[in-house]
Amino acid sequence: MDDHWQLHKEIRLDATPEEVWEAVSTGQGIASWFVPHEFDANGEHAVADFGSGNEQTGVVLRREPGRRIVFGNEDGNEAMEFLVEASDGGSTVLRLVQSGLGGEDWEREYHSKGWDLFLYNLTQYLTHFRGQPVVNVLVMGFTPLDSVAVWERFRTALGIRADLAVGDRVELEPDGLDPIRGVVDVADHGLLGIRTDHALYRFGGEGADAWGMVNAFHYFYGVDIDRAAATARWQAWLDRLFPPPEQG
């Protein structure tokens with residue numbers, strides 16, 4: 001389908017242009033709010049790690065230091081552009097343009113919703129964890145269940161109410177994992193976010209209503225976390241909730 005499309009996002013951040021540029025153009029910066037990116041020695045190629053063995057290799061199509069960076073995927077059918085611009089009062093405006101070829105309307109809406117969450121992560125990072133190193137614990141799974149059934153399982157496993165709202169305090173004890181004590185900072189269809197003193201926890205997915213995906217994306221700031229061990233524990237937890245197809 002020869003169908004070009006674009007998504008446009010804009011956000012004003014209480015940070016300097018230098019801080020925002022760091023957050024969108026370096027591996028550690030991007031990891032603090034999105035997913036880890038490992039750049040090659042020349043800074044021309046990057047591997048994005050979405051967890052559970054899901055990686056995407058891309059290229060830097062254009063770089064204007066301090067102002068603009070454009071990433072493209074290997075297939076050449078998608079690009080992601082970040083524009084950084086100083087604004088009033090020491091703040092900075094970040095503009096994101098994602099463009100692609102093909103895809104249905106619901107798919108574009110799914111990407112749009114995803115970017116809203118990740119850009120919100122950036123505001124939370126800059127507000128609560130600015131300058132702290134991050135350890136990413138990112139796991140994914142797939143299920144034939146629809147979004148209603150997916151969230152019944154999430155709520156049961158986490159011991160949460162269906163009517164949780166932003167600002168609610170929670171104390172969760174997911175099986176086999178450390179307790180989570182914090183405040184709800186995201187509560188939307190298919191998304192739940194919790195901020196603690198040292199982390200952002202994100203649970204997401206709409207199951208069969210969106211590619212069958214479910215995920216748990218967590219960001220730990222300024223603390224010593226064994227990433228491999230924590231990832232294995234969270235993957236086991238997610239697999240118990242949503243058994244991989246080969247396990248029935």
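Strands here are DSSP runs of E at least two residues long, numbered from the N terminus. The model is predicted, so local features need pLDDT of at least 70, side-chain atom pairs count only at pLDDT 80 or more, and totals for chains, interfaces and linings use all residues. Residues are numbered from 1 along each chain as its sequence is written, and side-chain values use heavy atoms, leaving out hydrogens and water.

**View 1. A hairpin of strand 2 and strand 3.** Let's start with strand 2 (residues 37-39) and strand 3 (residues 45-49), which run antiparallel and are joined by 3 bridges; two strands pair if DSSP finds at least two bridges between them. Look for Phe39, whose bridge partner in strand 3 is Ala46. The hairpin has 5 residues between its strands, and in the turn Gly43 has a positive phi of about 70°.

**View 2. Strand 3 meets strand 4.** Strand 4 (residues 55-64) pairs with strand 3 over 5 bridges, again in the antiparallel sense. Here Val47 has Thr57 of strand 4 as its bridge partner. This hairpin has 5 residues between the strands, and Gly51 takes a positive phi near 90°.

**View 3. Ser52 in its loop.** You will find Ser52 in the loop between strand 3 and strand 4. Its phi is positive, near 55°. Most residues other than glycine have a negative phi. Ser52 is partly exposed, with a relative accessible area of 35% (partly exposed lies between buried, under 20%, and exposed, over 50%, with a 1.4 Å probe and protein chains only).

View 4. Although Trp211 is not a glycine, its phi is positive, about 65°. Trp211 is partly exposed, at 39% relative accessible area.

Notes:
Helices (H or I, at least four residues) and strands (E, at least two) are DSSP runs, numbered from the N terminus.
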